[in-house]
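Please open the model in your viewer and keep the selection tool at hand. The tour below goes from one selection to the next.

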Amino acid sequence: MTTATNTPDGTGTSGPAAAPAGTAPDGLLLPVPDEDGAPFWEYAARGELRIQACASESCGRLRFPPRPCCPHCGSFDGEWRRMSGRGRIWSYVRPHPPLLPAYAAQAPYNVILVELADAPRIRLAGNLVAAAGAPLNSVDPARLRIGAKVQVVFAEVGGTVVPRWLLERS
Amino acid sequence: MAAGLKDATAIAGIGQTAFARRLPQTEKELACRAVLAALDDAGIAPSEVDAFASYTMEETDEVEVAKAIGAGDVTFFSKVGYGGGGSCATVGHLAAAIATGQASVGVAWRSRKRGSGPRPWKNTAVQLPTPGQWTRPFGLLRPADEIGMLARRYMHEYGATRDHLFNVALACRNRANQNPAAMMYERPLTREMYMTARWISEPLCLFDNCLETDGALACVIVSAERARDCRQKPVYVHSVAQGLPAQHHGMVNYWNDDPLSGPAWTAARHLWKQADFGPDDVDVAQIYDAFTPLIPLSLEGYGFCGRGEGAAFTEGGTLEIGGRLPINTGGGGLSEAYVHGFNLINEGVKQLRGTSTAQVPDAATCLVTAGEGVPTSAILLRA
């Protein structure tokens, strides 16, 4: 049986990544996907937050970061399951210099870990922003709180689409 | 089977260079100076060395060290990965090699110019494979940022405060103030300095972070029998362990059931299982301290207190001389030198020889740990 990893272009995990390697024009780092991670970024480019899951009927568990086989049942059959994009802040930091120049220019900014509502043990790193394309420091730090509900949005950075997070209106 | 390693080997010699923000020598020269100093301390000729162990991040390889110091034919060499997680494993690998007859005189070492050399996180060329794609684009760039995430969650879950982290920083600084070789020897730390220090990655401030150091250290491991004939009082390697927990992710351990119980727990189970004594019997500990929050996490992991109690354990001078568990008695990575934890190994030896600059009276047992938060290692030493 061949690997059942579904990617948007139907080429499986061996297809080229949607994201170019390296650094955005403004100096922010771009994700450089490996073969296992490439579908995440390809789906992100379509505005979808998907997480790798075991495709075995008797298992079907989600896993992150993506990897060739299921750590629970050993199956190499995988699929990418769409998430609601909702979650809660599990933790956060506010980096201050010394940093890479493009990050120092926005410091202090926030980095958050989002515990996904659909997969509570998977905590995606990201940034809480005021709007999809807003800077990494666009949210008042007083609003950063563990447990705060957030919703994914997608932003283009130097031609690559990455997830960002907005506070849910309460 | 496990009894094969217990007290079978001993650390017979230790050596170190000066520690400074900038040293003029190359890493290779510093490595050779530390290794030769350790051999001289043991009273063993370099030509007798037949085993080496270091870190995968060590840039001077065995070939260079062996030929420079005049080692003999080498029959065992090993490198351990995961940065500071490998420190104690270098001793463990040599102990295993010597106990099983693969070699007779082992040298472990680490030489690093992290003070004047490059900061690894600034390298944008090699930084983005798994798992970097999941963290670094979002500005989670440095080890301080990665550990800061766990620290913030730890504080949230257990009510730990910055005062608890200060207790750790202060204990290390106080010991450094007793140690003329420490980079912070003449630099006392106050609570006001700590609380007003600049942030590095909130919730971690400058004093929650280790030093940036040029320097090198080494130690010599031989059979227990041979150690008794060496120049110094033997310090026995009582138990050794490495730890890579199930579903662990390294510094960015965010994707498993319980990110706050890390490699220390795994290493500790194996370490204590093989030992004749337990946490209550440890007289002094050298706990890897690249960042202050690693101390409460390690105190829990190695069983000195319960889950979530590590911060409270630091209250009331517990970590100071005269307290229940004096730690990092040379000043540690926070205040003596940051050489990927190797100074913690040598300080453990000094304590059990009775020659530390902050000697714990009659210390007979010492725990030394490697980095928590990465695949790690630990050793129990006894006099």
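This is a predicted model: local features need pLDDT of at least 70, side-chain atom pairs count only at pLDDT 80 or more; totals for chains, interfaces and linings use all residues.

Which residue stands opposite Glu202(B) in β5(B)? Select Arg94(A), for this is the residue that stands opposite Glu202(B).

Residues are numbered from 1 along each chain as its sequence is written, while chains are lettered from A and ligands numbered from 1 in the order in which they are written. The predictor gives the complex an ipTM of 0.95 and a pTM of 0.94, and chain B averages a pLDDT (the predictor's confidence in each residue, from 0 to 100) of 96.

Now select the contact between the chains, which takes 31 residues from chain B and 34 residues from chain A; two residues are in contact if their C-beta atoms, placed from the backbone, lie within 7 Å. On the side of chain B that touches chain A, α4 (143–158) and β5 (199–202) each supply at least two residues, and the largest share, 6 residues, comes from α4(B).

Next, select the open sheet of 9 strands in chain B, whose order is β3-β2-β4-β7-β1-β8-β11-β10-β9, with mixed pairing; two strands pair if DSSP finds at least two bridges between them. At the edges stand β3 (76–80) and β9 (284–286) of chain B, each with a single partner strand, so one side of each is left without a neighbour in the sheet.

Finally, select helix α8 (residues 263–273) of chain B, whose buried residues (20 or more other C-beta atoms within 10 Å of their own, the C-beta atoms being placed from the backbone) include Trp265(B) and Leu271(B). The buried residues of α8(B) pack against β8 (235–243), α9 (294–301), β10 (365–369) and β11 (376–382) of chain B. A last stop is Val91(B), which, leaving aside its neighbours within four places in sequence, is in contact with residues including Cys219(B), Val237(B) and Ile379(B).

Terms used: A residue is buried if 20 or more other C-beta atoms lie within 10 Å of its own, exposed if 12 or fewer, and partly exposed in between; C-beta atoms are placed from the backbone. Helices (H or I, at least four residues) and strands (E, at least two) are DSSP runs, numbered from the N terminus.
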